[in-house]
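Colleague: Could you take me through the model, starting with the conventions and then going over the sheets, the helix packing and the local features?

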Amino acid sequence: MKALVTGAAGFVGSSLSDALLQAGHEVTGVDCFVDYYARALKEDNLKKARQSSSYNFVEASLVDAELSGLLEGVDWVFHQAAQAGVRASWGADFRIYSDNNVYATQRLLEACLAASVSKLVYASSSSVYGDTRDLPMTESSATRPVSPYGVTKLAGEHLVSLYSVNYGLPTVVLRYFTVYGPRQRPDMAFNRFIRSTLEGGEITLYGDGEQSRDFTFVDDIVAANMAAAAAPVTGELLNIGGGSRITVNEVLALIGDITGREPQVKRHDKQKGDVVHTVADTSRALELIGYKPAVGLREGLSRERDWLQSLDAGLIAAMGAV
Amino acid sequence: MKNDPGLLDVLACPSCKGRLQYTSDEKLFCDACRLVFDVKDGVPVLLVEEAEPAD
């Protein structure tokens with residue numbers, strides 16, 4: 001198959017590209033290197049894929065690129081590109097979120113209509129649910145995002161559904177629950193926690209640590225994308241979680257365990273837009289695409305630690321403060 | 001990575017959406033907008049803000 005991966009230099013996009021190439025598919029990656037974190041880290045993410053003769057890469061923005069050429073002969077589109085970051089979505093930078101998460105998605109959908117795409121998989125987020133007491137979150141749970149970021153991802157979902165219903169575009173929406181693992185963005189909690197603990201530094205923690213999350217290892221997210229593309233389903237919306245709910249305090253204890261060091265934690269008040277608990281009901285994903293998370297938290301954290309320890313000092317410095 | 005000639009043929013200018021020409025110095029040129037897009041290490045950089053005006 002021939003795949004187009006948007007956000008191909010990012011955490012999930014690059015991991016997915018590597019897996020598609022490994023499975024014998026042809027991949028075109030597109031990324032505009034938004035400056036949310038250092039370009040050097042994204043270039044590093046691309047290294048493996050760029051060694052493959054089945055890989056093409058174009059630096060372009062979905063906001064203005066002419067997409068028809070990139071979609072020529074493409075069977076699967078994996079729309080992983082987005083402006084990330086819940087906290088930064090408040091305030092003056094919202095335009096970046098509406099452009100990159102909503103307008104870019106609409107442009108891609110329009111272009112897919114004119115192409116012969118057999119599946120578009122849209123990367124959404126558990127942040128569309130917002131704070132809810134309705135746990136576990138099922139796909140029919142109310143969506144009340146508590147951050148502008150969540151609002152833009154939900155708007156993207158609605159656009160995908162509209163193009164599926166009105167035009168018959170084959171689509172699947174995947175709602176990712178807190179993804180972690182090698183290549184995780186430097187601003188994300190586990191990356192900061194592990195780096196800080198390895199360096200003997202202090203961890204900044206928002207909230208009391210009793211907030212719980214359904215953490216999902218990146219390989220499971222990748223597997224869900226590939227299964228969603230190949231499965232004979234369309235118009236579906238699926239939760240993709242890691243299969244267990246764990247508090248941040250429990251994660252910190254586990255990080256202490258796998259690094260052999262005691263994490264030093266400095267606690268701060270909960271931030272606007274942070275959700276207290278997330279836990280996914282993934283039974284629908286199991287039923288429709290055979291999704292079953294395979295990597296547990298201890299193994300996943302160990303693999304993220306191994307990745308961080310494999311990076312040279314320059315890349316670690318590029319990640320910025322923990 | 002290949003970035004095959006077939007791909008270069010189908011890329012378009014992000015400003016006017018018109019066809020790009022692959023130049024002898026391995027860049028992509030939009031005649032209508034008079035913009036030159038770099039190809040860095042085989043990667044076409046189709047960002048208007050990084051394009052150079054043609055002489």
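Modeller: Two strands are taken as paired if DSSP finds at least two bridges between them, and helices (H or I, at least four residues) and strands (E, at least two) are DSSP runs numbered from the N terminus. This is a predicted model, in which local features need pLDDT of at least 70 and side-chain atom pairs count only at pLDDT 80 or more, while totals for chains, interfaces and linings use all residues. Residues are numbered from 1 along each chain as its sequence is written, chains are lettered from A and ligands numbered from 1 in the order in which they are written, and side-chain values use heavy atoms, with hydrogens and water left out.

Colleague: Which residue of β2(B) does B:Q21 stand opposite?

Modeller: In chain B an open sheet of four strands has the order β1-β2-β3-β6, with antiparallel pairing. Two bridges join β1(B) to β2(B). Across this pair, the residue opposite B:Q21 is B:F29.

Colleague: Which strands stand at the edges of the open sheet of nine strands, each with a single partner strand?

Modeller: The order of this sheet is β11(A)-β6(A)-β5(A)-β4(A)-β1(A)-β2(A)-β3(A)-β5(B)-β4(B), and its pairing is mixed. One side of each edge strand is left without a neighbour in the sheet, because each has a single partner strand, and these strands are β11 (236-240) of chain A and β4 (39-40) of chain B.

Colleague: Which residue in β4(A) stands opposite A:T6?

Modeller: Strand β1 (residues 2-6) of chain A and strand β4 (residues 76-79) of chain A run parallel and are joined by four bridges. The residue of β4(A) opposite A:T6 is A:H79.

Colleague: Are α3(A) and α4(A) roughly parallel or roughly antiparallel to each other?

Modeller: Helix α3 (residues 94-114) of chain A packs against helix α4 (residues 148-167) of chain A with axes 9 Å apart and at an angle of about 15 degrees, where axes are lines fitted to C-alpha atoms, for helices over the stretch in contact, and angles run from 0 to 180 degrees between N-to-C directions. Angles under 35 degrees count as roughly parallel, over 145 as roughly antiparallel, 65 to 115 as roughly perpendicular and the rest as oblique. The two helices α3(A) and α4(A) are therefore roughly parallel.

Colleague: What is the handedness of the crossing in which α1(A) passes α6(A)?

Modeller: The axes of helix α1 (residues 11-22) of chain A and helix α6 (residues 218-230) of chain A come within 9 Å and cross at roughly 60 degrees. A crossing is left-handed if the near helix is turned anticlockwise from the far one by less than a right angle, and right-handed if clockwise. The crossing of α1(A) and α6(A) is right-handed.

Colleague: How many residues apart are A:Y129 and A:F177, which form an aromatic pair?

Modeller: Rings of Phe, Tyr and Trp (its six-membered ring) pair if their centres lie within 6.5 Å, and planes under 30 degrees apart count as stacked, over 60 as edge-to-face and the rest as tilted. A:Y129 and A:F177 form a tilted pair, 6.1 Å centre to centre with 40 degrees between the planes. A:Y129 is in the loop between β5 and α4 of chain A, A:F177 is in the loop between β6 (171-176) and β7 (179-180) of chain A, and they are 48 residues apart.

Colleague: What is the omega of the peptide bond from A:L135 to A:P136?

Modeller: A:P136 is found in the loop between β5 and α4 of chain A. The peptide bond from A:L135 to A:P136 is cis, with omega near -5 degrees.
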